[in-house]
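Here's a quick briefing to read with the model open beside you. Take a look at the sequence and the fold, then work through the points below.

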Amino acid sequence: MMLLLSGTMRGQVLVRLAVVVAALFGTLFGHASSTETSYNGHYELADAKANRTFSLEVKQTGSRTDVSFSAAMADGSGAAPDGSGKGRVEDGVLSFKFKDSFNNEGTCTLELGKHGYQLSMTVTKVADPRPFHFYGNVLLKKTSNKPE
């Protein structure tokens with residue numbers, strides 16, 4: 001079909017095709033960046049009847065994050081760790097490394113699951129095991145889109 005068009009008409013068709021292709025790519029890339037996963041906010045234990053508290057703060061800028069957490073027993077007994085770290089959101093999952101107030105270190109992932117946000121905490125360097133009962137797999141709910 002292109003062979004039957006004059007040079008000027010062929011050029012106009014190519015320009016129109018280029019505009020359509022550019023519009024499609026713009027729409028696709030614009031949609032991809034607008035659907036980037038945002039973990040920015042405040043999270044707490046999903047189980048309201050728990051005998052402990054656990055809160056997580058995430059400050060996200062682009063794909064980079066600053067994360068902090070604190071945990072305690074509801075009756076004030078035992079270890080009450082605080083921790084912080086830096087991470088990154090990739091493919092919808094927040095991954096970060098942490099160090100707690102007992103000098104333990106570890107890695108975490110946070111992702112949206114079927115029943116809330118699943119936080120998986122793994123200790124990689126043990127200094128004091130007293131706060132370990134707060135770690136592992138923790139189901140959280142997002143209570144605010146802004147960190148406290």
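## The layout

Starting at the N terminus, the elements of the protein follow the order α-β-β-β-β-β-β-β-β. That gives one helix and eight strands, where helices (H or I, at least four residues) and strands (E, at least two) are DSSP runs numbered from the N terminus. Keep in mind that this is a predicted model, where local features need pLDDT of at least 70, side-chain atom pairs count only at pLDDT 80 or more, and totals for chains, interfaces and linings use all residues. Residues are numbered from 1 along each chain as its sequence is written, and side-chain values use heavy atoms, with hydrogens and water left out.

**Confidence and overall picture**

- The mean pLDDT of the protein is 85, and 76% of its residues reach 70 or more; pLDDT is the predictor's confidence in each residue, from 0 to 100.
- Residues 19-35 are a stretch to treat separately: the pLDDT there is below 50, and beyond near neighbours in sequence the stretch has zero contacts in the model (contact means heavy atoms within 4.5 Å).
- Of the 148 residues in the protein, 29% are buried; buried means under 20% relative accessible area, exposed means over 50%, and partly exposed is in between (1.4 Å probe, protein chains only).
- Take the contacts between residues at least 6 apart in sequence: 39% of them join residues at least 24 apart.

**The nonpolar core**

- Nonpolar side chains tend to be buried together in soluble globular proteins.
- Here, the largest nonpolar core has 23 residues, and F54, L56, L110, L119 and L140 are those with the most contacts inside it. A nonpolar core is a set of buried Ala, Val, Leu, Ile, Met, Phe, Trp, Tyr and Cys residues joined through side-chain atoms within 4.5 Å.
- At least two residues of this core come from each of β1 (41-45), β2, β3, β5, β6, β7 and β8.
- Which strand gives the most to this core? That's β3, with four residues.

**Aromatic pairs**

- A pair of aromatic rings is described by the distance of the centres and the angle of the planes.
- The structure holds seven aromatic pairs. To count, rings of Phe, Tyr and Trp (its six-membered ring) need centres within 6.5 Å; planes under 30 degrees apart are stacked, over 60 edge-to-face, and the rest tilted.
- One of them is F98 with Y135, an edge-to-face pair with 5.6 Å centre to centre and 70° between the planes.
- F98 is in strand β5 (residues 93-100) and Y135 is in the loop between β7 and β8 (137-144), so this pair ties together parts 37 residues apart in sequence.
- F98 is buried at 3% relative accessible area, and Y135 also counts as buried, at 10%.
- Y135 also pairs with F132: the ring centres are 6.2 Å apart and the planes sit at 35°, so this pair is tilted. F132 is partly exposed, with a relative accessible area of 28%.
- Ring pairs join F54, F69, F98, F132 and Y135 into a cluster.

**Charged side chains**

- Side chains of opposite charge can pair when their charged atoms come close.
- How many salt bridges are there? The count is four, with a salt bridge being a side-chain nitrogen of Lys or Arg within 4 Å of a carboxyl oxygen of Asp or Glu.
- K86 and D66 form one of them, with their closest N and O atoms 2.5 Å apart. This pair links distant parts of the chain, 20 residues apart: K86 is in strand β4 (residues 82-90) and D66 in strand β3 (residues 64-73).
- K86 counts as exposed at 61% relative accessibility, while D66 is partly exposed at 37%.
- E105 and K125 meet in a salt bridge too (3.6 Å, N to O). E105 lies in strand β6 (residues 105-112) and K125 in strand β7 (residues 117-125), so parts 20 residues apart in sequence are tied together.
- R88 and E90 form a salt bridge as well, the closest N and O atoms being 3.6 Å apart.
- E57, in strand β2 (residues 52-61), is buried yet has no salt bridge; K59, the nearest side chain of opposite charge, is 7.0 Å away. For charge, Lys and Arg count as positive and Asp and Glu as negative, while His and the chain ends are not counted.
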